[in-house]
Amino acid sequence: MQEPLLEGLSPSARAALEWADASALLRGHGATVDGLDVLAGVAVAHPADSRPDQLLGHFGLPLGAVLAGHYPAPFDAAGLSAARDRARTAPPATGGDVEALLSAARAAAASGADGTVHLGALFGALLETGPAATAIGDALREQGADPERVRAAYRAYLASPSRSPLPEYLARELPWDGPPEVRLPEYLADDPGPSRPAPGDRVPDDLVGIGPQVDAFAYLAASVNLEPPLAVGLFGDWGSGKSFFMRALQRRIDALTNHPAAADRPAGELPFFRRVAQVEFNAWHYVDGDLWASLVEHLFQNLRVRADEGPAELADRRERLM
């Protein structure tokens with residue numbers, strides 16, 4: 001990096017900018033040094049007491065989460081060290097955002113005892129200026145932290161004459177228990193509702209607009225003019241509403257055959273049967289057994305025409321039918 005840019009910087013801040021040059025060379029293809037390179041340099045210049053690692057780590061963020069996408073390959077420490085040696089003889093070009101953040105760092109350091117730009121002030125400028133500030137802010141927001149509060153707290157930390165270690169300060173001033181809990185809505189995406197709802201049961205709203213089709217099939221299935229057998233195929237992708245349609249059809253047939261207005265009329269005057277047993281059979285439950293025998297046994301075990309019928313009524317109906 002050009003010598004005028006390094007004026008007024010502490011040895012550790014100068015080292016950070018040398019590592020930033022190496023970072024740009026490591027990225028290759030004529031890369032220009034930018035704020036994210038400086039952020040990587042600040043972290044590498046003082047690894048035992050890295051301000052970026054301390055601040056980001058407080059919010060559960062690794063530095064790699066902020067630098068993700070900046071490097072075309074996984075971070076290579078050996079390659080970075082070799083690039084630093086090359087940068088000392090032929091440093092890459094420096095982007096305008098680097099000059100802006102150095103100007104901000106000098107302004108922050110001007111009120112200090114000697115006006116020297118130390119590593120902490122350089123990191124403070126990174127929090128406020130250029131692409132590093134944007135990347136850090138986005139990462140903090142994703143964790144549920146307020147970037148403006150973090151920046152303000154770090155500014156106050158730099159301005160304090162007697163500073164405790166940064167991790168202790170952050171724990172005291174910006175306590176953080178982890179990202180906000182993600183709460184999912186209380187619903188089941190594949191809940192078709194009960195086939196014969198009891199009082200108080202919730203019946204899902206018809207949000208797909210199948211009411212007319214359900215009515216048509218209900219009148220067809222319960223019609224006294226229907227000559228069985230009748231087979232209807234219902235096809236659709238997963239989640240398209242097949243189970244919802246079947247449940248809605250079962251509820252509609254029950255509502256039709258048990259309507260109070262139909263109870264007082266002679267059966268011969270009604271266009272539909274008043275007693276319909278709806279039996280639901282899932283062949284997958286019997287895939288390892290005798291399917292036809294299981295189907296017949298299941299039919300005779302589930303000949304309810306009303307939801308409140310008990311075992312005695314079912315047994316009587318089976319005897320009469322058999």
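This report describes a helix pair and the aromatic pairs of a predicted model.

Residues are numbered from 1 along each chain as its sequence is written, and side-chain values use heavy atoms, without hydrogens and water. Local features need pLDDT of at least 70, side-chain atom pairs count only at pLDDT 80 or more, and totals for chains, interfaces and linings use all residues.

**Helices H8 and H10**

Helices here are DSSP runs (H or I, at least four residues) numbered from the N terminus. The axes of H8 (residues 119-128) and H10 (residues 147-159) come within 10 Å and cross at roughly 160°; axes are lines fitted to C-alpha atoms over the stretch in contact, with angles from 0 to 180 degrees between N-to-C directions. H8 is therefore roughly antiparallel to H10 (over 145 degrees). The contact (heavy atoms within 4.5 Å) involves Gly-120, Ala-121, Phe-123, Gly-124, Leu-127 and Glu-128 of H8, and Arg-151, Tyr-154, Arg-155 and Leu-158 of H10.

**Aromatic pairs**

The whole structure holds five aromatic pairs, defined by ring centres within 6.5 Å, with planes over 60 degrees apart counted as edge-to-face.

Phe-59 and Trp-176 are 117 residues apart. Phe-59 is buried at 3% relative accessible area, whereas Trp-176 is partly exposed at 22% (buried is under 20%, exposed over 50%, partly exposed in between; 1.4 Å probe, protein chains only). Phe-123 in H8 and Tyr-154 in H10 lie 31 residues apart. Phe-123 is buried at 0%, and Tyr-154 is buried at 3%. Ring pairs join Phe-123, Tyr-154, Tyr-157 and Tyr-169 into a cluster.

Note on methods. Helices (H or I, at least four residues) and strands (E, at least two) are DSSP runs, numbered from the N terminus. Angles under 35 degrees count as roughly parallel, over 145 as roughly antiparallel, 65 to 115 as roughly perpendicular and the rest as oblique. Rings of Phe, Tyr and Trp (its six-membered ring) pair if their centres lie within 6.5 Å; planes under 30 degrees apart count as stacked, over 60 as edge-to-face and the rest as tilted.
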